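This report looks at helix geometry, helix packing and a pocket in a single model. The sequence and the coordinates are shown first.

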Amino acid sequence: METLWMIEPWHWLVLGFVLLIVEMFVPTFASLWFGAAAIIVAALTWLLPIELSVQIVIWLVLSAVFLVVWFKFIKPLSVDRTKAGLGGSVIVGETGMIVLQPQPDRAGVVRFSVPIVGAAEWMCRTRGEIVTVGDRVVVTDIVGNELIVSSMKSQAVLNKNRQIQ
């Protein structure tokens, strides 16, 4: 019965590498830190005679510390910052297609052929103009997280009037 509770350093090493391999297939950066902690416990148990309960506590503490450091300090540095500092001028003037018709009481959805500022579909509204699914629209303004769109036909009329003046 006593041999069941004998964990050798190589057990920790195998656990660590298995968790690192799991991380390759489940890219959440969670099992990575448990695996790294297990590898460190393996190294410590090779160097020092540590009881099993202490090994488990060390593994749990290291895993928790690695997770906290990852989510608190490292992960925020890796956030995609392509949206940072981009004003409305990036989206205004882009053309897309209505995939969900905007109604007076709810926003519609416009889809762009290429993602713009990180998204291919955006919530949209019009300023009293009626557009239907499939209509090509131009972004004229941004209000909060919603785009204000106008049909290509009305934009053509506006541009023609501007040229006449």
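## Helix H1

In this predicted model, the face of H1 that is turned away from its buried side carries the exposed residues Met24 and Phe25. The helix itself runs over residues 9-25, and its 17 residues reach 25 Å from the first C-alpha to the last, close to the 24 Å expected at 1.5 Å a residue.

The buried residues of H1 are Pro9, Trp12, Gly16, Leu19 and Glu23. Because they cover an arc of only 90° around the axis, they lie on the same side of H1. Helix H2 (31-47) and helix H3 (52-74) are what these buried residues of H1 pack against.

## Helix H3

For H3, which has 23 residues, a span of 33 Å should result at 1.5 Å a residue, and the 31 Å between its end C-alpha atoms agrees with that.

Its buried residues are Gln55, Trp59, Leu62, Ser63, Leu67 and Trp70, and what covers these buried residues of H3 includes H1 and H2.

## The largest pocket

The volume of the largest pocket is about 180 Å³. Its lining consists of Gln101, Pro102, Gln103 and Pro104, together with Arg125, Thr126, Gly128, Glu129, Ile130 and Val131. By residue class, the lining of the largest pocket divides into four nonpolar, four polar and two charged residues.

Technical notes: Residues are numbered from 1 along each chain as its sequence is written. This is a predicted model: local features need pLDDT of at least 70, side-chain atom pairs count only at pLDDT 80 or more; totals for chains, interfaces and linings use all residues. Side-chain values use heavy atoms; hydrogens and water are left out. Helices (H or I, at least four residues) and strands (E, at least two) are DSSP runs, numbered from the N terminus. The expected span of a helix is 1.5 Å times one less than its number of residues. Buried means under 20% relative accessible area, exposed over 50%, partly exposed in between (1.4 Å probe, protein chains only). The arc is that of the directions from the helix axis to the C-beta atoms. Contact means heavy atoms within 4.5 Å. On a 1 Å grid over the protein atoms alone, a cavity is a set of points where a 1.4 Å probe fits but cannot get out, and a pocket is an open set with protein on both sides within 12 Å along at least five of seven lines; lining residues have an atom within 4 Å of a point. Grid points are joined across faces, edges and corners, and a volume is the space filled by probe spheres set on the points. Ala, Val, Leu, Ile, Met, Phe, Trp, Tyr, Cys and Pro count as nonpolar, Asp, Glu, Lys and Arg as charged, and the others, Gly among them, as polar.
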